[in-house]
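Trainee: Could you walk me through this one slowly? I am still new to reading models like this.

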Amino acid sequence: MPIDLPIRPRRLRSTPALRAMLRETELSPSDFIYPLFVVHGAGVRTEVASMPGVFQLSIDQLAAEARSITALGIPSVILFGVPAQKDPVGLENFDEDGIVQQAIRAIKAAVPELVVITDVCLCEYTDHGHCGILNVGDYPNLPAGYLLNDETLEVLAKVAVSHAAAGADIVAPSGMIDGAVAAIRAGLDSAGYSVIPILSYAIKYASAFYGPFRDAAQGAPKFGDRRTHQMDIANAREAQREAQLDADEGADMLMVKPALPYLDIIRQTREQIPHLPLVGYQVSGEYAMLKAAARNGWLDEQKAALETLTSIKRAGADLIITYYAKEAAGWLIAGKLSA
Ligand code: PBG
């Protein structure tokens, strides 16, 4: 005997066709940005131990890599470089023959339409592994080893200009240094690169989920941590301040990082600043977690990975930086073919 129940949401879930037609969020390979780690040397393709399926690549590997990324429908890559030598300032970071500058030219020569984003930070280039210039005693009122904000801004502007000169399409400051967007904007504009957009890592938390990345990019701090500049993991109101500041300084796009543990922040930023494109970064630890569980047979990797990526988009991200980009694009294409 049917009971009186006029509203039955299950009516709209009864067939695959209905579910597909009513799906609110659709992932596509065009949502993804694929991170690449570039290293000196020739013929190098070294898998990162804590990130199965992710490789450090030498320049000669990049043309083929760029073609395979493009063939999957992924529109963009973000580059991280491991320099030949490290020093207190990170000189290779703004050298026209630095590893990232070489990588930009190699990718652009092979696939000009692939959008090349560069990470603009000091941590991979400095011998101390910190994201800026450190106080070594010039400022007795500050602790030794304190990251000097304004001295770092000068270097960041130089790095961004050097990436633009090598052919980068977008620069992405990732250090959470106050004023980085304004300094880079001024540097780019005065060097003739007013057309180059800035994707700001506007809201980046001092997260434990960057561990595997620091193996891949060899940029772990030799001492201390990044908590004087990256955000406290417990804060959400402060994220609004960071987002607004970067928008006011002229950021063209904003990023929230990590993604999955901060879906609330992605949603909040989407609503707070609706007119700027928003990127979520599914970071190395998020990837490593899924890979580890999958390798143990504890999760269905394809379903779990696509679920996390869908969640990031549903929360409000337009684009997702993810180490799963190539695999996920492959799954999405295969799914379309078999549907
Ligand atoms: C800094 C940078 C980091 C990541 C991206 N850019 C490391 C850090 O802030 O310590 C982490 C990305 C990831 O974990 O996947 N250049």
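This is a predicted model: local features need pLDDT of at least 70, side-chain atom pairs count only at pLDDT 80 or more; totals for chains, interfaces and linings use all residues.

Trainee: Okay, so how many helices and strands does the chain have?

Mentor: The chain's secondary structure comprises 11 helices and 12 strands. Its radius of gyration, taken over C-alpha atoms, is 21 Å, close to the 20 Å from the globule rule for 339 residues, so the chain is as compact as a globular protein of that length. That rule is 2.2 Å times the number of residues to the power 0.38. Along the principal axes, the C-alpha atoms fill a box of roughly 85 × 45 × 40 Å.

Trainee: And what share of the residues count as buried?

Mentor: Of the 339 residues, 51% count as buried, where buried means under 20% relative accessible area, exposed means over 50%, and partly exposed is in between (1.4 Å probe, protein chains only).

Trainee: What about contacts between residues at least 6 apart in sequence, how many of those join residues at least 24 apart?

Mentor: That share is 74%, with contact meaning heavy atoms within 4.5 Å.

Trainee: Switching topic, where does Met-176 lie?

Mentor: Met-176 lies in the loop that runs between strand S8 (170–173) and helix H5 (180–190). Although Met-176 is not a glycine, it has a positive phi of about 60°, and with a relative accessible area of 9% it is buried.

Trainee: Which other residue has a positive phi although it is not a glycine?

Mentor: Gln-218 is one, with a phi of about 50°, and its place is in the loop between H6 and helix H7 (237–248). At 38% relative accessibility, Gln-218 counts as partly exposed.

Trainee: Which peptide bond is cis?

Mentor: The bond from Lys-257 to Pro-258 is cis, with omega near -15°, and Pro-258 sits in the loop between strand S10 (253–257) and helix H8 (263–272).

Trainee: Now the rings: how many aromatic pairs are there?

Mentor: Rings of Phe, Tyr and Trp (its six-membered ring) pair if their centres lie within 6.5 Å, and planes under 30 degrees apart count as stacked, over 60 as edge-to-face and the rest as tilted. By this rule the count is 10 aromatic pairs. In one of them, the rings of Phe-80 and Phe-213 have centres 4.9 Å apart and planes at 85°, so that pair is edge-to-face.

Trainee: Which parts of the chain does that pair link?

Mentor: It links distant parts, with Phe-80 in strand S4 (residues 76–82) and Phe-213 in helix H6 (residues 211–216), 133 residues apart. Both Phe-80 and Phe-213 are buried, and they belong to one aromatic cluster that also includes Phe-37, Tyr-201 and Trp-331.

Trainee: Is Tyr-125 buried or exposed?

Mentor: Tyr-125 counts as buried at 3% relative accessibility, in the loop between strand S5 (115–120) and strand S6 (133–134). Leaving out residues up to four places away in sequence, Tyr-125 touches a set of residues that includes Gly-81, Pro-83, Glu-92 and Ile-99.

Trainee: What else is found in the loop between S5 and S6?

Mentor: His-130 is found there, and at 5% relative accessibility His-130 counts as buried. His-130 and Val-89 are 41 residues apart in sequence and 9.7 Å apart in space, C-alpha to C-alpha. Apart from its neighbours within four places in sequence, His-130 is in contact with residues including Leu-122, Pro-221 and Arg-226.

Trainee: Last one, where is His-40, and what does it touch?

Mentor: His-40 has its place in the loop between S1 and strand S2 (45–48), and it is partly exposed, with a relative accessible area of 31%. Not counting residues up to four places away in sequence, His-40 touches several residues, among them Pro-83, Glu-92 and Ile-99.

Methods
Residues are numbered from 1 along each chain as its sequence is written. Side-chain values use heavy atoms; hydrogens and water are left out. Helices (H or I, at least four residues) and strands (E, at least two) are DSSP runs, numbered from the N terminus.
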